[in-house]
Amino acid sequence: MNDILEKLAQCVEFGKINKASPYPPNMKDQDGADELAKRALEEGVKPDEILENALVPAMSRVGDKFTRKEIYVPQMLMAAKAMNSAMAHLKPFFQSGETKRKGKFIVGTVSGDLHDIGKNLVAMMIEGGGWEVIDLGVDVGTEKFLKALDENPDAVVGLSALLTTTMENMKKTVTAIKEKHAGSKILIGGAPVTMEYCEKIGADFYSPDPQGAVNYLKQLVS
Ligand code: B1M
């Protein structure tokens, strides 16, 4: 791998956002993901190469370490922030259509539920996996999911719920989506959700963590 991409991948993996960022201490005063992504583009590295050869593998390593409980939420958030700072330089190319994404992912926390930390991690990891993420936010009612799917019929949908009470709303949304967009794939997750519940409400997949979500989407397009 090109030296600058290798350094960029390390910055993302260890959460080094930019030169001014004091974290992690052993990378103090070094360029971060922000400067390196900018420089890679200036040196003519293509945005999809930066994504595929630096950001995606770095976030994948982060996801695997999180799944193995070798790192925790704060480290994952720092990695996601570093990834976002690099993505800010790539986004204009993806938005202009000059560089292709793998697909679209509509995500939201279901109606009545305001928890978004886990949902945001999933969204960031999936964006880091090369997908365009349409984040509908929190307390998202069925109609809003359906409208987003009407506008993006090929998108995969992700629902997050953190409360046992709002899991019921997940069921309502899944049923309505399957009625109107029978072919749409729906991924669900959140602390109280299980594979058994996923099967019960007719969703397509359950993942306990962001990397499982990334892997599911990956196998949908491979
Ligand atoms: Co609330 N809360 N909360 N809360 N809160 C919990 C969830 C709770 C377990 C705390 C407790 O009682 N021990 C409990 C739920 C009990 C239950 O239903 N069984 C609870 C409660 C009761 C409440 C309120 C009702 C409290 C009250 O007002 N009386 C209230 C509800 C508000 C509402 O939503 N309507 C409430 C409010 C809040 C805050 C606003 C204060 C805050 C949320 C801030 C925010 O999200 N912006 C909050 C918080 C922070 C928590 C805890 C402490 C932490 C949740 C969290 O962010 N975890 C939580 C207790 C706990 O978990 N220890 C708790 C870290 C996050 C990374 O994990 O979200 O599980 P998680 O996401 C994971 C996986 O689940 C998965 O990937 C993530 C990374 O591994 N995942 C997906 C998540 N979504 C996915 C989607 C996927 C795939 C994987 O595909 C689409």
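**Figure 1. Crossing of helices H1 and H3.** The crossing of H1 and H3 is right-handed, as seen in this predicted model. Helix H1 covers residues 3-14 and helix H3 residues 47-67, and their axes come within 8 Å of each other while crossing at roughly 30°. With that angle, H1 counts as roughly parallel to H3. On the side of H1, the residues that take part in the contact are Leu5, Leu8, Ala9, Val12, Glu13 and Phe14, and they meet Glu49, Ile50, Asn53, Ala54, Leu55, Ala58, Met59, Arg61, Val62 and Lys65 of H3. Sorted by class, the residues of this contact comprise 11 nonpolar, one polar and four charged.

**Figure 2. Crossing of helices H1 and H4.** Helix H4, which spans residues 73-95, also meets H1, and here the two axes come within 6 Å and cross at roughly 140°. At this angle H1 is oblique to H4, because angles count as roughly antiparallel when they are over 145 degrees. The contact brings Leu8, Cys11, Val12 and Glu13 of H1 together with Ala79, Ala82, Met83 and Ala86 of H4. By class, seven of these residues are nonpolar, none is polar and one is charged. Leu8, Val12 and Glu13 of H1, named here in the contact with H4, are also among the H1 residues that meet H3.

Figure 3. Ala40 belongs to helix H2, which runs over residues 33-42, and it is buried, with a relative accessible area of 0%. When neighbours within four places in sequence are left aside, Ala40 is in contact with Ile4, Leu5, Val45 and Ile50. Of these partners, Leu5 in H1 and Ile50 in H3 are also listed in the contact of H1 with H3. From C-alpha to C-alpha, Ala40 lies 9.9 Å from Asp3, although the two residues are 37 residues apart in sequence.

**Figure 4. The loop between H1 and H2.** A cis peptide bond, with omega at about -10°, joins Tyr23 and Pro24, and Pro24 is placed in the loop between H1 and H2. The loop between H1 and H2 also holds Asp29, a residue other than glycine whose phi is positive, near 70°. Asp29 is exposed, with a relative accessibility of 54%.

**Figure 5. Asp139 in strand E2.** A positive phi is also found for Asp139, a residue other than glycine, with a value near 50°. Asp139 lies in strand E2, which covers residues 132-140.

**Figure 6. Asn152 between helix H6 and strand E3.** Asn152 is located in the loop that connects helix H6 (142-151) with strand E3 (156-160), and with a relative accessible area of 12% it is buried. If residues up to four places away in sequence are not counted, Asn152 touches Lys104, Ile106 and Ile134. The C-alpha atoms of Asn152 and Ile134 are 9.5 Å apart in space, with 18 residues separating the two in sequence.

**Figure 7. Thr166 between strand E3 and helix H7.** Thr166 occupies the loop between E3 and helix H7, the latter comprising residues 167-180. The relative accessible area of Thr166 is 4%, and the residue is therefore classed as buried. Apart from residues up to four places away in sequence, Thr166 touches Val110, Ser111, Gly112, Asp113 and Ala161.

**Figure 8. The aromatic pair of Phe205 and Tyr216.** The structure holds one aromatic pair. The ring centres of Phe205 and Tyr216 are 4.4 Å apart and the ring planes are at 0°, so the pair is stacked. Phe205 is in strand E5 (residues 205-206) and Tyr216 in helix H9 (residues 210-221), so that the pair, with its members 11 residues apart, links distant parts of the chain. The two members fall into separate accessibility classes: Phe205 is partly exposed at a relative accessible area of 25%, whereas Tyr216, at 6% relative accessibility, is buried.

Key: Residues are numbered from 1 along each chain as its sequence is written. This is a predicted model: local features need pLDDT of at least 70, side-chain atom pairs count only at pLDDT 80 or more; totals for chains, interfaces and linings use all residues. Side-chain values use heavy atoms; hydrogens and water are left out. Rings of Phe, Tyr and Trp (its six-membered ring) pair if their centres lie within 6.5 Å; planes under 30 degrees apart count as stacked, over 60 as edge-to-face and the rest as tilted. Helices (H or I, at least four residues) and strands (E, at least two) are DSSP runs, numbered from the N terminus. Buried means under 20% relative accessible area, exposed over 50%, partly exposed in between (1.4 Å probe, protein chains only). Axes are lines fitted to C-alpha atoms, for helices over the stretch in contact, and angles run from 0 to 180 degrees between N-to-C directions. Angles under 35 degrees count as roughly parallel, over 145 as roughly antiparallel, 65 to 115 as roughly perpendicular and the rest as oblique. A crossing is left-handed if the near helix is turned anticlockwise from the far one by less than a right angle, and right-handed if clockwise. Contact means heavy atoms within 4.5 Å. Ala, Val, Leu, Ile, Met, Phe, Trp, Tyr, Cys and Pro count as nonpolar, Asp, Glu, Lys and Arg as charged, and the others, Gly among them, as polar.
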